Amino acid sequence: MRLLTHNMLSSNIKGVTNGFPLQLEVEKMVVKEVAFNGDFLKNIFPKIEWKALLDAAVAMGCGDLPENAEATMLDNEEFLRKFHHALLQLHLEEGALICPETGRRFPVSKGIPNMLLHEDEV
Amino acid sequence: MSFSLDVTECNHGLLSGIISPVRPTLGDGFGFSSAQAIVEPLTKLTRFLHKDPVCSSSIASTPDIEKKYVHRVYDAIAPHFSSTRFAKWPKVAEFLNSLTPSSVVLDSGCGNGKYLGFNRDCLFIGCDISAPLINICAERGHEVMVADAVNLPYRSGFFDAAISIAVLHHLSTEERRKRAISELIKSVHKGGQVLITVWAVEQEDKSLLNKWTPLTDKYSEGWVGPNSPKVRSSSSTILESIPETEDNCPNDLYKIRETTTETHCKDSEEERLKEQTSRDDGVPLPLEDTIMISKNRSTTSTSQQEYFVPWHLPYHRAEISGTSAAALANGLAKKDDKKGAVVYNRYYHVFVEGELERWLYPFVLYAFDVKPA
């Protein structure tokens, strides 16, 4: 699971009003190289909740991202490279995603999050 | 049958939809339709979704019939199912190819992921309730997760486009089908697009043998259980022309009738129409009041729409998966020695003409100049 995916996920347990961002529990992470695409990064940037990406990257052992990010930084190649790496190349392989309100643990196994809810959570 | 919806922002903070008419292509034969529409603002949409909190949990929790005759079946047949799923439906391909480069696309109910990565300029995310199918997607390198189309776990408005291909007909109540549609619409931002395809009752090729089992009251009592969706028709009359196309020949996937509906919308009519289509509290009126598109359609309430559709899992495949022995033991599947296969039944709600459009109409403020094809 990429951190881009983490950035779009939100706990949808019944009654939870703010299920974003899910906290990362990292047992194993992997880096998978992927082609750099500056246009894609510029397009996706406005959708990204930066703080969530930053915290997730730190949880994955990557401290390269700046504390804050603005659209003007998208012209900076060095920034784009770091953004690219954190967003698309870091993968949570084993671990969990934790609902910020309820503490419910959504397991991630072989890179696949299981976001299915239990009967009493819907 | 399919319906594509573009959600775009217009004046007054409303969402409007521009849906280009999808013209049938010869040889394509799948039941597609499309329309232009103005779409409800998200706040209203949310109110519509939650207007009956008492039963919202029953909408979101999976009925037994889907667990037994959809989820467990696909879990059991996943590798075989996947090996037969590679042909792309032309209208889906056309839709995906039309997306702006760098779009983020959700495939809700992605199955074996045959559309994931279809447009190389877009980024795809797939989800399905079947873990075995999702494992197949992941092995192919796709970014996927196990999630329920009726309860999507995404931030609202994140996606540029969302597709639901041959998924809604596996949901066994109207409320759940409506909920899945609204989950899709919620997942895309203003300006985003949604494409939905479902199996249609109306079939062009009437010569195909009917191998589907209509779900009658008899079945619903014996197989389905007390909490199951009400079967629409008490008659066991079988609609002609439901082909068995999914079994062994993927190319036949296209052989479903295609319908086209054109609806045009007009922004200037918004205010008047807001009054027309919603009560004072903003809750949309009952569907019948807002659907102008269906007024000339014949009533279809007596049509048989609930079916069991067989999946023949060849014995050599069944041995590999190992789950079939259990399925046979507990009656979920039966042997067909003649065909040399373990036969699973899958639950289908096949859609009648206009039905899919009708469910989208709670999100639609106004449409006029309707010309049913």
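Three salt bridges cross the interface of chain B and chain A under the rule used here. The model is predicted. Over all chains, the count of salt bridges comes to 14. Two pairs show how the chains are linked. In one, the side chains of Glu119(A) and Lys67(B) meet, N to O, at 3.2 Å. Glu119(A) sits in the segment after β4 (112–113) of chain A, while Lys67(B) belongs to helix α3 of chain B, so this pair joins two chains. In another salt bridge, Lys47(A) meets Asp160(B). Here the N to O distance is 2.9 Å.

The rule finds 14 residue pairs in polar contact across the interface of chain B and chain A, with both residues at pLDDT 80 or more. Which elements of chain B give two or more residues to the side that touches chain A? There are two helices on the list, α2 (53–60) and α5 (131–139). The strands are β5 (123–128), β6 (144–146) and β7 (159–165). By class, this side of chain B has 16 nonpolar residues, 9 polar ones and 5 charged ones.

Now take the interface as a whole. In contact terms, 28 residues of chain A meet 30 residues of chain B. The size of an interface is often given as the accessible area lost when the parts come together. For chain B and chain A, the buried area is about 2,300 Å². Carbon and sulfur atoms carry 61% of it. Which residues of chain B lose the most area to chain A? They are Glu143(B), Arg155(B) and Phe158(B). Together they make up 28% of what the chain B side buries.

Turn next to a sheet within chain B. Strands of a sheet pair through backbone hydrogen bonds, either parallel or antiparallel. In this open sheet, 4 strands follow the order β9-β11-β13-β12, and the pairing is antiparallel. The edges are β9 (213–214) and β12 (333–336) of chain B, each pairing on one side only. Which residue of β11(B) is the bridge partner of Thr213(B)? The partner is Phe308(B).

Helix α3 (residues 64–83) lies across β11 and β13 (341–349) of chain B. Its direction makes an angle of about 130° with β13(B). Helix α3 of chain B also holds Lys67(B), whose side chain meets that of Glu119(A) in a salt bridge.

Technical notes: Residues are numbered from 1 along each chain as its sequence is written. Chains are lettered from A and ligands numbered from 1 in the order in which they are written. This is a predicted model: local features need pLDDT of at least 70, side-chain atom pairs count only at pLDDT 80 or more; totals for chains, interfaces and linings use all residues. Side-chain values use heavy atoms; hydrogens and water are left out. Contact means heavy atoms within 4.5 Å. Buried area is the accessible area (1.4 Å probe) that two parts lose on being put together, summed over both. A salt bridge is a side-chain nitrogen of Lys or Arg within 4 Å of a carboxyl oxygen of Asp or Glu. A polar contact is a pair of N or O atoms within 3.5 Å; within protein, one must be able to donate a hydrogen and the other to accept it, and residues adjacent in sequence count only if both atoms are side-chain atoms. Ala, Val, Leu, Ile, Met, Phe, Trp, Tyr, Cys and Pro count as nonpolar, Asp, Glu, Lys and Arg as charged, and the others, Gly among them, as polar. Two strands pair if DSSP finds at least two bridges between them. Axes are lines fitted to C-alpha atoms, for helices over the stretch in contact, and angles run from 0 to 180 degrees between N-to-C directions.
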